[in-house]
There are 2 protein chains.
Amino acid sequence: MTAVPLPLEQEGTLTLSGQDADGHGATVRRSVLAGGVRVLTEAVPGLRSATLGAWVGVGSRDEADGHHGSTHFLEHLLFKGTRHRSALDIASAFDAVGGESNAATGKEHTTYYARVLDTDLPLAVDVIADMVTSATLDPEDLEGERQVILEELAMNDDDPVDVAHERFTEQVFGADSPLGRPIGGTAQTILDVPRDAVWEHYQQHYTAPGLVVTAAGGLDHDAVCAAVSAALAGAGWPQDARTPLPRRSAGGRQDRGIADGLPGGSVLTVDRPTEQANVVLGGAGLRAGDPRRHVLAVLNAVLGGGMSSRLFQEVRERRGLAYSVYSFSSGYADAGLFGLYAGCTPSRVPQVVELLAHEWEQLATGGLRDGELQRAIGQVSGGTVLALEDSGSRMSRLGKAELVHGEYLSLEDALARAASVTADDVQQLAAELWAAPHHLTVVGPFESDPVPVAP
Amino acid sequence: MTAVPLPLEQEGTLTLSGQDADGHGATVRRSVLAGGVRVLTEAVPGLRSATLGAWVGVGSRDEADGHHGSTHFLEHLLFKGTRHRSALDIASAFDAVGGESNAATGKEHTTYYARVLDTDLPLAVDVIADMVTSATLDPEDLEGERQVILEELAMNDDDPVDVAHERFTEQVFGADSPLGRPIGGTAQTILDVPRDAVWEHYQQHYTAPGLVVTAAGGLDHDAVCAAVSAALAGAGWPQDARTPLPRRSAGGRQDRGIADGLPGGSVLTVDRPTEQANVVLGGAGLRAGDPRRHVLAVLNAVLGGGMSSRLFQEVRERRGLAYSVYSFSSGYADAGLFGLYAGCTPSRVPQVVELLAHEWEQLATGGLRDGELQRAIGQVSGGTVLALEDSGSRMSRLGKAELVHGEYLSLEDALARAASVTADDVQQLAAELWAAPHHLTVVGPFESDPVPVAP
């Protein structure tokens, strides 16, 4: 009942969780291939579909000045064609088998994934490996895709909830910091970024020692490894012994306070002619690798994670002030954020902000009430088990284990950690979050700040 | 390889699909309980979770004048408390086991559902049955929830994509027609609707002969039936022999043209200070029960259903005019709609509208190209099989079989129907859709119509 470490120097294959260990009949295995590519799979007996993911440990925080948005730009361009396939070939390959394929760029990682029938898994490996190794970044395609990305940014800008979260992140980490910048860049940076920068980004970060392939569902580990090896060898990627890249969190100063190095508190009001005001209140959170992340999951469940949470009950059920209200968190290698969100009538922003702050502070000072801890642990545990129904969740869990945590937690271990969380743990963490500087973001029809200071 | 009819007069239990028939090891059974409640389950061996749904055949189209939005209002109120449970009790019951529960109101149906671990299925039956049978609609709670619904409507109104689809639906069916009205009502109708109307709606439509319970996952059909019977008997619902209500489509004139009785073509521009313009072009579509719905699925795949579709390739890949572009359809008992959507820079609306129309017309007049039919059939078939991974999709499929189609199609049957679609079928349907009056909706920063007539 302990986590299995995932050593970077280890070559060969490791069984992380057998049938007995996880109780679901699934077997988790990990191999470091000769070129340094890591492959983690979870074979789920009886499942006739599988989700494949290719993870590259590069995100928007790694971009040089003047190239902001290039990671996301690159993600788009991988679908535009390779030395062996046109954009239509790539699209057709997945569409012809009903597979869903997509990609996501984050601040620290980029992921390409596809969900397919088990018999189509070799095809998925082949196409995604082709994209990762052999994209051409054709200059003409690049100019066309620049326009598509500008449309995507405009679409996001038309979503006031998205704007509120984006701006809140900027406030917590600092608008000019690598973590605070928007993942997709801005219209101006996208117009400015040259092909050379995107190409260099691709050459530098899409390498065998930086690549992690994860898959879950109806599959055979050795067959997946063989397919990955064959695809990478075919693309000319190295097959000699290499060591995977160190993890981003390695060497991070995990002993610092959560707000160390982050900006002081702030208030930002974005004037938009919307019906609702979108309010985010929060501040620093836990780093991704923080061992208290299990406490944070329980804390979120108590404060704003479901219909029985304090925020839902107080803001929505008792007072009818909001339809959507919740708490949330994100963690990165060296910093994290934590926040409370509500969408409400503009005139009620002061009342809602006060309520959000009140509930947060109450948890920090008054701790848990009868039954809350058990309910929250039940919610986290049940959610963890229910997520196993979806091969995409399993695939993601493997990717995070490898890239973020450097250790694999079986289902049993994860449930044991949730169950071990105490009421004191939750209150102490709430107090630590509350003690960090507070940031308030409001997006709505306001010519001046409806709340001048974040409570 | 034929559909199994679901006769309303039939009492007792019917096995719709055994292990051999569906090839996935799942068994589908249907029982009509004594009081007239229908229970359909799909037992999936090896699955440790299950999704439960309670379906009531009432939607926004059934609302009397002056009570628009009352169906959705009622859906909210069922979570506010019953004779046996407070709102917090209901929320806590699901949260404590990590179950996701929610509800959805449509134009013709209302559904309450929950995804839980298999061992928690009896609890889910108990709570949802309590909500369906014994809600109190407490007047004070109702006033609080009125505010929550106003916030929900305001939130939707802040989403320009949502606004475009809502208004397009009004144009196709007529703004004052029962199908054309927005499902949630408007702020004014929500402010006006009296408790009596909601209560009457509840009494009239939430009855044993109108209720359908569906479940899929790790379950035992007889145990689900017993749990449903016990919960309904406990609430005082009839246990004597009753016949289920007729389906909405019964007696519908399926021989009419798709646009018969619908308004003529129209153009609507909604002025909003957004970055992007949101464009919908389309018109009448197929009724939900139309046997050509399998052709429509293939048509959507060809025209605007994936990355290899014509719209994606022409509008996004070749010209970079949009990030989001697709075709869509909705079917109801006696009418349907079909449309093409794109989000683009406002100045390019005329070009995008012309392209959407051009691709639609090309399919109607020129038919399919080499390889398109097989790829589209593969996409529809693969998507159908992949959806089986999710117990929620299986649960939904059972509900629609019972309430909409009146027949059950096994996986094998559904795949056979998709495979039987011909290129001529697709072209003929495209021509029929093209021949109906065209409606154009544009939401964006326009003081006058950027395109005065729908092409």
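## A covered helix

The buried residues of α2(A) are A:S70, A:T71, A:H72, A:F73, A:L74, A:E75, A:H76 and A:L77. Buried means under 20% relative accessible area, exposed means over 50%, and partly exposed lies in between, with a 1.4 Å probe and protein chains only. Helix α2 of chain A runs over residues 70-77 and is mostly covered, with 8 of its 8 residues buried. Helices (H or I, at least four residues) and strands (E, at least two) are DSSP runs, numbered from the N terminus.

## Basis of the model

This is a predicted model, in which local features need pLDDT of at least 70 and side-chain atom pairs count only at pLDDT 80 or more, while totals for chains, interfaces and linings use all residues. Residues are numbered from 1 along each chain as its sequence is written, chains are lettered from A and ligands numbered from 1 in the order in which they are written, and side-chain values use heavy atoms, with hydrogens and water left out.

## Chain A overall

Chain A holds 16 helices and 14 strands. Its radius of gyration is 23 Å, close to the 23 Å that the globule rule gives for 455 residues, so chain A is as compact as a globular protein of that length. The radius is taken over C-alpha atoms, and the rule is 2.2 Å times the number of residues to the power 0.38. Along the principal axes, the C-alpha trace of chain A spans about 60 × 55 × 40 Å.

Of the 455 residues of chain A, 60% count as buried. Contact means heavy atoms within 4.5 Å. Among the contacts in chain A with a separation of 6 or more, 78% come from residues 24 or more positions apart.

## Surface and charge

Chain A exposes about 16400 Å², and carbon and sulfur atoms supply 50% of that area. Accessible areas come from the Shrake-Rupley method with a 1.4 Å probe; for residues, only the protein chains shown count as cover.

Chain A carries 34 positive and 61 negative side chains. The centres of the two sets lie 4 Å apart. Lys and Arg count as positive and Asp and Glu as negative; His and the chain ends are not counted. Each charge is placed at NZ of Lys, CZ of Arg, CG of Asp or CD of Glu.

## The A–B interface

In chain A, 63 residues are in contact with 63 residues of chain B. The two chains bury about 5100 Å² between them, 55% of it on carbon and sulfur atoms. Buried area is the accessible area (1.4 Å probe) that two parts lose on being put together, summed over both. A:E151, A:L386 and A:E389 supply 15% of the area that chain A buries against chain B, more than any other three residues.

B:R348 sits in the loop between β12 (336-344) and α12 (349-366) of chain B. Leaving aside neighbours within four places in sequence, B:R348 is in contact with A:Q147, A:E151, B:G320 and B:L321. At 24% relative accessibility, B:R348 counts as partly exposed. B:R348 and B:H109 are 239 residues apart in sequence, and their C-alpha atoms are 38 Å apart in space.

A:L137 is not a glycine, yet its phi is positive, at about 50 degrees. A:L137 lies in the loop between α4 (121-134) and α5 (139-157) of chain A. This leucine is buried, with a relative accessible area of 2%.

In chain B, B:L137 also has a positive phi of about 50 degrees, although it is not a glycine. B:L137 is found in the loop between α4 (121-134) and α5 (139-157) of chain B. B:L137 is buried, at 2% relative accessible area.

A:A342 belongs to strand β12 (residues 336-344). A:A342 is buried, with a relative accessible area of 0%. Beyond neighbours within four places in sequence, its contacts include A:A277, A:N278, A:V279, A:V352 and A:L356. A:Y326 is 16 residues from A:A342 in sequence and 6.8 Å away in space, C-alpha to C-alpha.

A:F312 is in helix α11 (residues 310-318) and is buried, at 10% relative accessible area. Not counting residues up to four places away in sequence, A:F312 touches A:G306, A:M307, A:E317 and A:V325. A:D449 lies in the segment after β14 (439-444). A:D449 is partly exposed, with a relative accessible area of 37%. Leaving aside neighbours within four places in sequence, A:D449 is in contact with A:V267 and A:T269. A:V267 is 182 residues from A:D449 along the chain, with 7.9 Å between their C-alpha atoms.
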